[in-house]
Amino acid sequence: MRRPKIDDDALFEKLLVLFRRNGFVGTRLSDIARETGLQKASLYHRFPGGKVEMARVVLERAFGELEATVLAPLREPGEVLTRARRGLRGLEAFYHGGQAACLFETLSLGEDAGELRALIQRAVQACLDAFTALAKDAGLPSATAKRRAADAIVQIQGALVLARIQESPQVFRRLIRDLPDRLTKA
């Protein structure tokens, strides 16, 4: 059996970059073929469901990474502020220090992205749940904890957009530094 021209990890990274940069609609199969060095037939052999399957695989893998590096540390036993800082350091790494666009956002755009929305909603809800639980563990009332969790998602997304527009990740890094207190302080 012939070895593939590109291994699964390298293929995932290239797809991740393309979907983060161009979104679902803006990423064409010809772009994927050019970036990966694979012919369209090889892409369809690996992903019989085409671009939707590629995006789904990237989303699932990214969600697994988010779960391991961000959400799991937020849920660990221990001091709340330490857990918050550890999880948000994972989030900073997940977004390359504020230099990478949010995959969940870019893949949610366009009518063709409808099949992916359930996965995206699951990822966002997992973040909301983890942030809410963390705020509750800090002693905040349930309604306040939910509001702080939603505010955190809004602030993260806003900081990513501003960092991209200004071509400076500093606003994102500052948010990551300040967010543990915003989530947990009374």
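Reply: Start with F172, which is buried at a relative accessible area of 0%. Buried means under 20% relative accessible area, exposed means over 50%, and partly exposed is in between, using a 1.4 Å probe and protein chains only. This is a predicted model, where local features need pLDDT of at least 70 and side-chain atom pairs need pLDDT 80 or more, while totals for chains, interfaces and linings use all residues. Residues are numbered from 1 along each chain as its sequence is written, and side-chain values use heavy atoms, with hydrogens and water left out.

F172 belongs to one aromatic cluster with F94, Y95 and F104. Now the pairing rule. Rings of Phe, Tyr and Trp (its six-membered ring) pair if their centres lie within 6.5 Å; planes under 30 degrees apart are stacked, over 60 edge-to-face, and the rest tilted. The rule gives 4 aromatic pairs. One of them joins F94 and F104: the centres are 6.4 Å apart and the planes meet at 15 degrees, so this pair is stacked. F94 lies in helix α5 (residues 80–94) and F104 in helix α6 (residues 103–106), so the pair ties together parts 10 residues apart in sequence. Helices here are DSSP runs of H or I with at least four residues, strands are E runs of at least two, and both are numbered from the N terminus. F94 is buried at 4%. F104 is buried too, at 6%.

Next come Y95 and F172. Their ring centres are 6.0 Å apart and their planes are at 85 degrees, so the pair is edge-to-face. Y95 sits in the loop between α5 and α6, and F172 in helix α9 (residues 170–184), so this pair ties together parts 77 residues apart in sequence. Y95 is buried, with 3% relative accessibility.

The charged end of R20 sits over the F94 ring, 5.4 Å from its centre. The test is that NZ of Lys or CZ of Arg is within 6 Å of the ring centre and within 35 degrees of the ring normal.

Now look at the spaces. On a 1 Å grid over the protein atoms alone, a cavity is a set of points where a 1.4 Å probe fits but cannot get out; a pocket is an open set with protein on both sides within 12 Å along at least five of seven lines; lining residues have an atom within 4 Å of a point. Y95 is among the residues nearest the centre of the second largest pocket, along with C102, C127, I153 and Q157. That pocket holds about 180 Å³ of space. Volumes are the space filled by probe spheres set on grid points, which are joined across faces, edges and corners. Helix α7 gives the most to the cavity lining, with 4 residues.

One last stop is the loop between α5 and α6, which also holds H96. Most residues other than glycine have a negative phi. H96 is not a glycine, yet its phi is positive, at about 50 degrees. H96 is partly exposed, at 47%.
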